[in-house]
Amino acid sequence: MTPLRVLAAGFMWRWFGAKGSAEKLLDAVDSQNEQNRMLAGMSLVRAGDKSFDLIEDQIDTGQATPSAVRLLPDIDPGRARRVLEKVSTSEGELVETATECIDTINRMESVEDD
């Protein structure tokens, strides 16, 4: 996928909630192309709660990837903590990613407190 297509998918997801576009963004977040990963991640974060809900649904169905889960603290740290704590006490490939994300949230909060 070209970076332009990633940007177009981001626009369609943010403005129209096009589920197919969201799936393209999630694929791009896991791609080998660094530019596509960055653009897809930014688009998902900018879409806010809509993307959070999408990634949370993927976690619940066992389809989430570590790359997508790592976006949760950037979207909503408070809500992410609750979801990630649940994931970190379960089993599976996302446990380590969830633990790392919780550590990131803790560091972000400690900086805010200073």
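Visitor: Is Ser21 buried or exposed?
Guide: This is a predicted model, and the accessibility is computed from it. Ser21 has a relative accessibility of 12%. The cut-off is under 20%, so Ser21 counts as buried.

Visitor: Which residues does Ser21 touch, not counting residues up to four places away in sequence?
Guide: Ser21 is found in helix H2. Beyond its sequence neighbours, Ser21 touches Ala9, Met12 and Trp13.

Visitor: Is Arg37 buried, partly exposed or exposed?
Guide: Arg37 sits in helix H3, residues 34-46. Its contacts, leaving aside neighbours within four places in sequence, are Ala28, Val29, Ser31 and Gln32. The relative accessible area of Arg37 is 31%. That value falls between the 20% and 50% cut-offs, so Arg37 is partly exposed.

Visitor: What covers the buried residues of H3?
Guide: Asn36, Leu39, Ala40, Gly41, Ser43 and Leu44 are the buried residues of H3. Their cover includes H1, helix H2 (19-29), H4 and H6.

Visitor: How far does helix H8 reach from its first C-alpha to its last?
Guide: H8 runs over residues 94-113 and has 20 residues. At 1.5 Å a residue, 28 Å is expected. The model comes close to that, with 29 Å.

Visitor: How wide an arc around the axis do the buried residues of H8 cover?
Guide: Leu94, Thr97, Ala98, Cys101, Ile102 and Ile105 are buried in H8. They lie on the same side of H8, because their arc around the axis is only 140°.

Visitor: Which residues are exposed on the other side of H8?
Guide: The buried residues of H8 have cover that includes helices H4, H5, H6 and H7. On the other side, the exposed residues are Glu96, Arg107 and Val111.

Visitor: Which residue meets Glu56 in a salt bridge of 3.1 Å, N to O?
Guide: The two side chains pair within the 4 Å limit for a salt bridge. The pair links distant parts of the chain, from helix H4 to helix H7, 23 residues apart. The partner of Glu56 is Arg79.

Visitor: How many residues apart in sequence are the parts that Glu100 and Arg70 tie together?
Guide: The side chains of Glu100 and Arg70 meet in a salt bridge, at 3.8 Å, N to O. Glu100 lies in helix H8 and Arg70 in the loop between H5 and H6, so the pair ties together parts whose separation in sequence is 30 residues.

Visitor: How far apart are the closest N and O atoms of Arg81 and Glu109?
Guide: This pair links helix H7, with Arg81, to helix H8, with Glu109. Arg81 counts as buried at 18% relative accessibility. Glu109 counts as partly exposed at 34%. They form a salt bridge, with closest N and O atoms apart by 2.7 Å.

Visitor: Which residues do salt bridges that share partners join into one network?
Guide: The count comes to seven salt bridges. Shared partners make one network, which joins Asp49, Asp53, Glu56 and Arg79.

Methods:
Residues are numbered from 1 along each chain as its sequence is written. This is a predicted model: local features need pLDDT of at least 70, side-chain atom pairs count only at pLDDT 80 or more; totals for chains, interfaces and linings use all residues. Side-chain values use heavy atoms; hydrogens and water are left out. Helices (H or I, at least four residues) and strands (E, at least two) are DSSP runs, numbered from the N terminus. The expected span of a helix is 1.5 Å times one less than its number of residues. Buried means under 20% relative accessible area, exposed over 50%, partly exposed in between (1.4 Å probe, protein chains only). The arc is that of the directions from the helix axis to the C-beta atoms. Contact means heavy atoms within 4.5 Å.
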